[in-house]
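Hi,

Here's the structure I said I'd pass on. Have a look at it first, and then read on for what turned up.

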Amino acid sequence: MNDVILNVSNLSFGYNREKIFNNVNFEVDKGDFVALVGPNGAGKSTLIKLILGQLSPNDGRVDLFLDEKLGYRDVGYVPQLGIGSSYTFPITVGELVSLSLHDETRGFKVFKCNYKDKVLDALLQVGMEDEINSLYYQLSGGQRQRVLIAKALVSNPSFLILDEPTNGIDFETRQKLFSLLHHLNVAHGITILMITHELSDIENYISKLYKLFDGRIERCK
Ligand code: ADP
Ligand code: MG
């Protein structure tokens, strides 16, 4: 039997009376690279927020099997870029990535002694180490996305969740980003769940494909 990292069972949710999903079931195993696709407004981002515990289900369960000591810190989350998630104030790349180590007082204490090394290491993984002192808002879209991945990787998560990380990014940068994720999956053993519209570019990398539509989820691979 495979080692399960996420189990969603009989999940139902609506922001109001109208349900966005009904009785949704799906599973992510350790080592998986899962793609989640679906039309705009289908509820993909909502599903991620339910997984992260930012929203509570109306019915059903979300079970995440994480490192007990780390809890949600064991999940790296790259939110969908948009209003509210962009950093327009003058913060450097290094400072931004280090924010993930300051989220909780406990985390800060744990990482205090070597947090600069951790930030540099996360930036090295995404090839952005030379930009550690650059201002985040002066970077290109693709560079920003790589920095946000570094921010998610800095606490060494075993599970990485990305919500449309290639929105508004050109073809070449997108290919690089996808091969980076493939590398993190294969060489570092990080389990990945990614929402995307660019399925044709990642077909060879993914182990499972789920489609979310009409309030249902269907496994297509
Ligand atoms: P997707 O990510 O698939 O594009 P979302 O999960 O963002 O879809 O949204 C699913 C549906 O829920 C949409 O109809 C959206 O308008 C609605 N929605 C999203 N967030 C909220 C919210 N905070 N309050 C009420 N409705 C919401
Ligand atoms: Mg979305």
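**Around strand β6**

Let's start with one pair: Leu-162 has Met-194 in β7 as its bridge partner. Keep in mind that the model is predicted.

β6 has another neighbour too: strand β5 (residues 75–78) is joined to β6 by four bridges, again in parallel. Here Gly-76 sits opposite Leu-160.

Is β6 enclosed or open? Five of its five residues are buried, so β6 is largely enclosed by the rest of the structure. Phe-159, Ile-161 and Asp-163 point one way, while Leu-160 and Leu-162 point the other.

In the largest nonpolar core, which has 39 residues, Leu-160 is one of the three that touch the most other members, along with Ile-149 and Leu-181. Elements giving two or more residues to this core include α5 (141–153), β6 (159–163), α6 (171–187) and β7 (191–195). The largest share, six residues, comes from α5.

Why does this core lie between domain 1 and domain 2? Both domain 1 (1–66 + 159–221) and domain 2 (86–157) give residues to it, so that's where it lies.

There's also a second, separate core of 27 residues, with Leu-6, Leu-36, Ile-51 and Leu-212 among them.

Cheers

Technical notes:
Residues numbered from 1 in each chain as written. Chains lettered and ligands numbered in written order. Predicted model: local features only at pLDDT ≥ 70, side-chain atom pairs only at ≥ 80, totals over all residues. Heavy atoms only, no water. Core = buried A, V, L, I, M, F, W, Y, C linked by side-chain atoms within 4.5 Å. Buried < 20%, exposed > 50% of the residue type's maximum accessible area, 1.4 Å probe, protein only. Domains from an automatic or database assignment. Pairing = 2+ DSSP bridges.
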